[in-house]
Amino acid sequence: MRLSFHGADRSVTGSCHLIECAGRRILIDCGMYQGGGELHEDNGEPFGFDPAAINYLLLTHAHLDHCGRLPLLVQRGFRGEIVTTSASRELARLVLLDAAHLQEEEALYRQRKSKKHHGGHKDAPLYTTLEALNSFDYFGRTAVYGQPLELAPGLGVTFLDAGHILGSASVLMELQERVARRSVLFSGDLGNAGRPLLNGPVVAKADSVVMETTYGDRRHKSLPASVEELYEVVTDTLRRCGNVIIPTFALERAQELLYFLREGMEKGRLPGSLPVFLDSPMAISATQIFERHPECYKTETRELFRKGNDPFHLPELHFTREKADSMAINHITGGAIIMAGSGMCTGGRVRHHLKNNLGRPEAGVVFVGYAANGTLARHIIDGAKQVRLFGEEIPVRARIHTIGGFSAHADQAELLDWHSQTHARRTFLVHGDEEVMRRFGAGLCHTKVEMPMLHEIFEL
Ligand code: ZN
């Protein structure tokens with residue numbers, strides 16, 4: 001039995017791990033590298049294994065850094081079965097079609113640019129929309145939280161609620177090769193307990209764990225304090241007659257924010273007539289998918305749905321799917337909340353809203369999510385005095401806020417607690433910055449800690 005690592009090794013994105021057992025090969029996630037330019041190019045590199053030889057792909061959740069290279073896997077020969085939860089399957093479709101579309105657009109842009117400079121250099125997208133569509137043919141059985149699934153004789157898997165985003169799971173694998181038996185638990189991304197929509201992560205015992213360490217050295221601020229901070233920032237900005245721009249991740253964060261804004265209005269903390277724009281076709285579709293999966297929620301939220309109270313509905317909520325409607329928002333100079341993607345401001349409509357609002361001292365920009373090094377969000381958070389957007393230098397005069405408590409990831413204390421409940425004798429740390437990993441690993445006891453390098457192989 002072997003375990004090897006092909007992404008998110010001593011880094012945060014590109015999750016891809018491979019189990020080989022009794023002649024079968026099982027991949028856990030096939031994510032995309034996200035962030036700076038070099039990482040972007042890593043996506044096209046060889047996987048480090050033969051895609052055609054993979055029998056199963058177990059998908060922990062639908063974030064791009066976990067599912068984003070899936071169409072590429074199919075393009076390079078994968079013909080096995082993809083197993084995931086029903087909500088992840090729906091969200092993955094959305095995420096992958098969006099990714100394919102973005103790559104086609106970027107490729108077109110590069111082709112035009114290189115034509116100008118060198119005359120006709122071909123620069124293809126990582127995969128096309130058609131290839132993304134083709135990859136959906138390989139989605140097979142659907143996993144239900146807590147129900148063991150026998151993929152093949154001697155190969156059992158159980159998806160456990162990871163509490164990270166809708167449909168997210170940790171995957172427990174029970175492996176048998178001749179007389180040897182091993183259990184391996186892949187954490188996927190772990191959520192933090194005490195959030196409004198989802199339940200906290202479910203843990204299981206295992207011989208070995210492969211676990212994420214995104215916030216392995218940090219404690220989150222409490223969620224109620226963060227919600228309060230959001231209400232204050234919104235109220236202050238409205239008082240200054242500015243817009244509130246919230247760069248937001250389309251999955252989970254956008255829906256959670258809608259949930260808290262609705263609550264704020266119901267409690268009288270925010271004006272009920274406050275216009276809110278969800279200016280992201282992907283977040284709009286994701287919200288619709290969220291509305292179709294009440295089975296994934298906490299009892300209280302499920303109850304809201306049952307009574308016909310959509311927890312994501314606000315009196316003055318505008319879904320702007322069309323480009324023209326999005327552009328019309330440019331005329332609003334103050335008094336609205338504008339939520340748009342991408343969360344790290346590397347692309348998407350939020351860049352237009354930043355261009356229009358960053359220079360206004362009355363405006364507020366609120367960062368509520370992870371901002372990787374090298375991204376525009378990171379530059380602004382780190383205090384850039386001006387940023388370049390659409391070929392223009394834009395001064396940063398708006399007030400910049402970062403509210404940390406909304407994270408969809410477990411913090412150090414929660415990760416340590418999760419780990420202690422696994423009783424694992426061997427621990428593989430992935431999905432984290434190297435320094436963070438080192439500090440987190442130093443806090444683990446009664447287990448052998450490994451920090452795999454890219455393509456490193458371990459015998460189980
Ligand atoms: Zn994730």
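Biologist: Is A22 buried, partly exposed or exposed?
Modeller: This is a predicted model, and in it A22 has a relative accessibility of 40%, so A22 counts as partly exposed. A22 sits in the loop between β2 (17–21) and β3, and although A22 is not a glycine, its phi is positive, at about 45°.

Biologist: Which other residue has a positive phi without being glycine?
Modeller: D29 is such a residue, with phi near 70°. D29 lies in the loop between β3 and α1 (37–42), and at 1% relative accessibility D29 counts as buried. As background, most residues other than glycine have a negative phi, and most peptide bonds are trans.

Biologist: And where is there a cis peptide bond?
Modeller: The bond that joins G341 and S342 is cis, with omega about 0°, and S342 belongs to the loop between β15 and α11 (350–357).

Biologist: New topic, the metal: which residues coordinate the zinc ion?
Modeller: The zinc ion is coordinated by H61 through NE2, H63 through ND1, H164 through NE2 and D189 through OD, at 2.2 to 2.3 Å. Along the chain these donors follow the spacing H-x1-H-x100-H-x24-D.

Biologist: Are H61 and H63 buried or exposed?
Modeller: H61 counts as buried at 1% relative accessibility, and H63 counts as buried at 19%, where the cut-off for buried is under 20%.

Biologist: How is the chain divided into domains?
Modeller: The domain assignment gives domain 1 (2–218 + 408–459) and domain 2 (223–406), and taken over C-alpha atoms their centres are 27 Å apart. The contact involves 24 residues of domain 1 and 22 residues of domain 2.

Biologist: How much area do they bury between them?
Modeller: Domain 1 and domain 2 bury about 2400 Å² between them, with 64% of it on carbon and sulfur atoms. On the domain 1 side, L166, P196 and L197 lose the most area to domain 2, together 30% of what that side buries.

Biologist: Which residues touch the most other members of the largest nonpolar core?
Modeller: That core has 73 residues, and those with the most contacts to other members are L27, L230, I246, V276, I337, M339 and F406. Several elements give two or more residues to this core, including α3 (70–75), α6 (223–239) and β12 (244–247), while the largest share, 8 residues, comes from α4. Domain 1 and domain 2 both give residues to this core, so it lies between them.

Biologist: What does F406 touch, neighbours within four places aside?
Modeller: F406 is in contact with L223, S226, V227, L230, R253, E256, L257, F260 and V368. Apart from this core lies another one, of 28 residues, among them F5, V157, F159 and V171.

Note on methods. Residues numbered from 1 in each chain as written. Predicted model: local features only at pLDDT ≥ 70, side-chain atom pairs only at ≥ 80, totals over all residues. Heavy atoms only, no water. Donors = N, O, S within 2.8 Å, 3.2 Å for Na, K, Ca; no water. Buried < 20%, exposed > 50% of the residue type's maximum accessible area, 1.4 Å probe, protein only. Core = buried A, V, L, I, M, F, W, Y, C linked by side-chain atoms within 4.5 Å. Helix = DSSP H or I, 4+ residues; strand = E, 2+ residues; numbered from the N terminus. Domains from an automatic or database assignment. Contact = heavy atoms within 4.5 Å. Buried area = accessible area lost by both parts, 1.4 Å probe.
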